[in-house]
Amino acid sequence: MIEELLVAVAGAAAAAAVYAGAAARVVKQYERGVVFRFGRLRDGVRSPGFTMIVPLVDRLHKVNMQIVTMPVPAQEGITRDNVTVRVDAVVYFKVVDAADALIRVEDYKFAVSQMAQTSLRSIIGKSDLDDLLSNREKLNQGLELMLDSPAMGWGVAIDRVEIKDVSLPETMKRSMARQAEADRERRARVINADAELQASKKLAEAAEVMSDQPAALQLRLLQTVVAVAAEKNSTLVLPFPVELLRFLERSTAGPVGAAAAGAAPGTAAGASEAAGVTRPFSEAYLRGAADAAARVEPVEDLTGASVEPVPAEDGT
């Protein structure tokens with residue numbers, strides 16, 4: 001009797017151990033457990049740790065709750081300004097509702113991948129090339145909104161979307177390089193013109209200061225001469241003030257006019273006066289020209305009577 005009781009206890013213990021082994025489950029920290037009993041979803045999601053299910057009745061499905069990094073294959077499309085480009089991206093998402101991720105969609109990863117490719121092609125057609133190259137943050141937000149709307153119904157939340165690379169045709173790359181070079185040249189010309197304008201304003205202010213202080217102009221002239229001579233050149237360029245030429249012209253205008261008025265009509269001064277031209281000759285030159293004209297004797301008429309030609313003899 002005792003032996004039969006011990007055998008029964010041992011059999012029950014073995015059956016309990018087998019049952020416990022079949023019913024015991026362990027859910028990891030980054031997972032959540034979803035239990036189906038006879039195909040129906042049980043209320044509640046099993047949290048991480050040790051849990052028990054009914055063998056042959058319940059089915060436990062573990063869902064990974066970590067952020068999934070999914071690359072989006074490169075999609076070729078035409079932008080709004082008719083440029084053919086190839087764009088690839090990457091999507092970061094995670095499951096927020098394990099039950100919806102299993103029930104509402106067959107394969108949530110495949111669904112997110114296809115939705116990302118479709119949304120990427122759509123965003124390419126709605127954007128310009130400049131937006132794809134320089135305004136990617138705005139496009140990333142647009143892609144995230146396009147993916148997040150249907151993904152929330154699947155129990156999936158889109159963490160972020162990033163456009164990785166934009167491939168352009170070689171002809172478009174050369175055109176963009178020429179455009180950038182032209183823009184750089186335009187900016188350089190504008191900067192040079194602005195510098196010339198500022199320099200002209202400063203020179204005008206300097207001219208006003210020098211007009212009030214004539215000695216400043218002489219000092220500036222001496223500084224220029226020193227700067228030119230510092231290079232040890234064999235030729236020295238010396239600026240000549242225009243005011244000095246005007247002073248000399250005014251000083252010689254009086255004597256020249258008086259000498260030209262008293263000169264004979266046959267002299268050089270008389271010819272200049274007849275032609276209405278006043279030359280800035282010195283007084284010594286005018287006196288020498290008058291004396292030379294007085295010493296020249298008049299020449300008599302050398303033409304004489306005309307001589308008839310002698311008729312030629314016959315045979316000559």
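**View 1. Strand β2 within the predicted model.** Of the 7 residues of β2 (31–37), 5 are buried, so the strand is largely enclosed by the rest of the structure. Buried means under 20% relative accessible area, exposed over 50% and partly exposed in between, with a 1.4 Å probe and protein chains only. Strands (E, at least two residues) and helices (H or I, at least four) are DSSP runs numbered from the N terminus. This is a predicted model, in which local features need pLDDT of at least 70 and side-chain atom pairs count only at pLDDT 80 or more, whereas totals for chains, interfaces and linings use all residues. Residues are numbered from 1 along each chain as its sequence is written, and side-chain values use heavy atoms, with hydrogens and water left out.

**View 2. The open sheet β3-β2-β5.** Three strands form this antiparallel sheet in the order β3-β2-β5. Because β3 and β5 stand at the edges with a single partner strand each, one side of each is left without a neighbour in the sheet. Two strands pair if DSSP finds at least two bridges between them. β2 pairs with β5 (residues 58–64) over 7 bridges, and V34 stands opposite H61 in β5. The pairing of β2 with β3 (residues 40–41) comprises 2 bridges.

**View 3. R37 and the hairpin of β2 and β3.** R37 has R40 as its bridge partner in β3 and D58 as its bridge partner in β5. The hairpin has 2 residues between the strands, and F38 takes a positive phi near 55°.

**View 4. The largest nonpolar core.** A nonpolar core is a set of buried Ala, Val, Leu, Ile, Met, Phe, Trp, Tyr and Cys residues joined through side-chain atoms within 4.5 Å. Among the 35 residues of the largest one, V85, V91, F93, L120, V156 and I158 touch the most other members. Elements that each supply at least two residues include β2, β6 (68–78), β7 (84–95), α5 (136–152) and β8 (156–167). The largest share, 7 residues, comes from α3. Leaving aside neighbours within four places in sequence, V91 is in contact (heavy atoms within 4.5 Å) with residues including V68, M70, V112, L147 and I158.

**View 5. S127 in the loop between α3 and α4.** S127 is found between α3 (108–126) and α4 (129–134), and S127 is buried, with a relative accessible area of 5%. A polar atom of the S127 side chain lies 2.8 Å from the backbone oxygen of I123. Beyond its neighbours within four places in sequence, S127 is in contact with T79, R80, L132 and L139.

Note on methods:
A polar contact is a pair of N or O atoms within 3.5 Å; within protein, one must be able to donate a hydrogen and the other to accept it, and residues adjacent in sequence count only if both atoms are side-chain atoms.
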